[in-house]
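Here are my notes on this chain. Please read them with the model open.

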Amino acid sequence: SYTVLHLDSLSQTDARTLAARLLKQGVQDSSVVERVQATAEGNPLFIEELSASLSETSWLAAGQLPTTVRGIISARLDALPARERAVLLDASVAGKIFWRGALLSLHGGDGLDRIIDSLEARDLIRRERRSKFAGDTEFTFKHMLIREVAYATLPRSGRRERHAAMAHFI
């Protein structure tokens, strides 16, 4: 059984309020908030990801904003430092849920905790309170769409190798 909920778009006022709260200082002038509100068309996930992207990159300098949620997420992932991006792409192979131990087997311990902390701070992943593997830390992607975009970024040959490594861990 299931329940269907029809969710309407946010009103313009609510969309502007959400954008203003999510944008970091320095990007929070009214014209930027208006552009985020107009581009997102009331979609809260779009507002959230676009605000995060604007806070992390310089879309305003280029004079254009990405127009899809996937485009924004892809741009955010492209802007990550190389090691953070590699860890996130590896995590995407496991699915929405992944474990520190799996990443450790792929990357070793050199700076892995710092990278995971950075990905958490960027609000791309979340640490879970409990883990399905005793003695290991479990994480999830904040949104399934982040995981899907990260996974789609991997070439097929790279996926096979990473799936084998993930299977070996499990």
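1. A residue counts as buried when its relative accessible area is under 20%, as exposed when over 50%, and as partly exposed in between. By that cut-off, 38% of the 170 residues of the chain are buried. Keep in mind that this is a predicted model.

2. Overall layout. The chain has 10 helices and 3 strands. From the N terminus, the order of elements is α-α-α-α-α-α-β-α-α-β-β-α-α. Along the principal axes, the C-alpha atoms fill a box of roughly 50 × 45 × 30 Å. Take the contacts in the chain with a separation of 6 or more: 59% of these join residues 24 or more positions apart.

3. Helix H2. This helix spans residues 30–40, and its buried residues include Val32, Val33, Val36, Gln37 and Ala40. These lie on the same side of H2, because the arc they cover around the axis is only 135°. The general rule for an α-helix is 3.6 residues a turn, so residues three or four places apart point the same way. After H2 comes glutamate 41, with a positive phi near 50°.

4. The nonpolar core. The largest one holds 39 residues. Which of them touch the most other members? They are Val36, Leu77, Leu88, Leu119 and Ile125. Val36 is also one of the buried residues of H2. Leucine 119 deserves a look of its own. Leaving out residues up to four places away in sequence, leucine 119 touches Leu80, Glu84, Val87, Leu88, Leu124 and Ile125.

5. The largest pocket. Its space is about 200 Å³. The lining has 13 residues, and those closest to the centre are Leu22, Ala52, Arg76, Arg122 and Asp123. By type, the lining divides into 8 charged, 3 nonpolar and 2 polar residues. Helix H3 (residues 44–56) gives the largest share of the lining, with 6 residues.

6. Arginine 76. Is this residue buried or exposed? Its relative accessible area is 2%, so arginine 76 is buried. The residue sits in helix H5 (residues 69–78). Setting aside neighbours within four places in sequence, arginine 76 is in contact with Glu49, Ala52, Ser53, Glu56, Arg122 and Leu124. Two of these contacts, Ala52 and Arg122, are listed with arginine 76 among the residues closest to the pocket centre.

7. Aspartate 90. This is another charged residue to check, in helix H6 (residues 82–94). Aspartate 90 is buried, because its relative accessible area is 5%. Beyond residues up to four places away in sequence, aspartate 90 touches Leu103, Leu106, His107, Arg162 and Met166.

8. Serine 118. Look for this residue in helix H8 (residues 112–121). With a relative accessible area of 18%, serine 118 is buried. The C-alpha atoms of serine 118 and leucine 23 are separated by 18 Å, and the two residues are 95 residues apart along the chain.

9. Isoleucine 97. Here the place is strand E1 (residues 97–99). Isoleucine 97 is partly exposed, because its relative accessible area is 27%. Its contacts, not counting residues up to four places away in sequence, are Lys132, Glu138, Phe139 and Thr140. Isoleucine 97 and arginine 147 are 50 residues apart along the chain, with 9.4 Å between their C-alpha atoms.

Notes:
Residues numbered from 1 in each chain as written. Predicted model: local features only at pLDDT ≥ 70, side-chain atom pairs only at ≥ 80, totals over all residues. Heavy atoms only, no water. 1 Å grid on protein atoms, 1.4 Å probe; cavity = no way out; pocket = protein on both sides within 12 Å on 5 of 7 lines; lining within 4 Å. Points joined across faces, edges and corners; volume = space filled by probe spheres on them. Helix = DSSP H or I, 4+ residues; strand = E, 2+ residues; numbered from the N terminus. Buried < 20%, exposed > 50% of the residue type's maximum accessible area, 1.4 Å probe, protein only. Contact = heavy atoms within 4.5 Å. Arc of directions from axis to C-beta. Core = buried A, V, L, I, M, F, W, Y, C linked by side-chain atoms within 4.5 Å.
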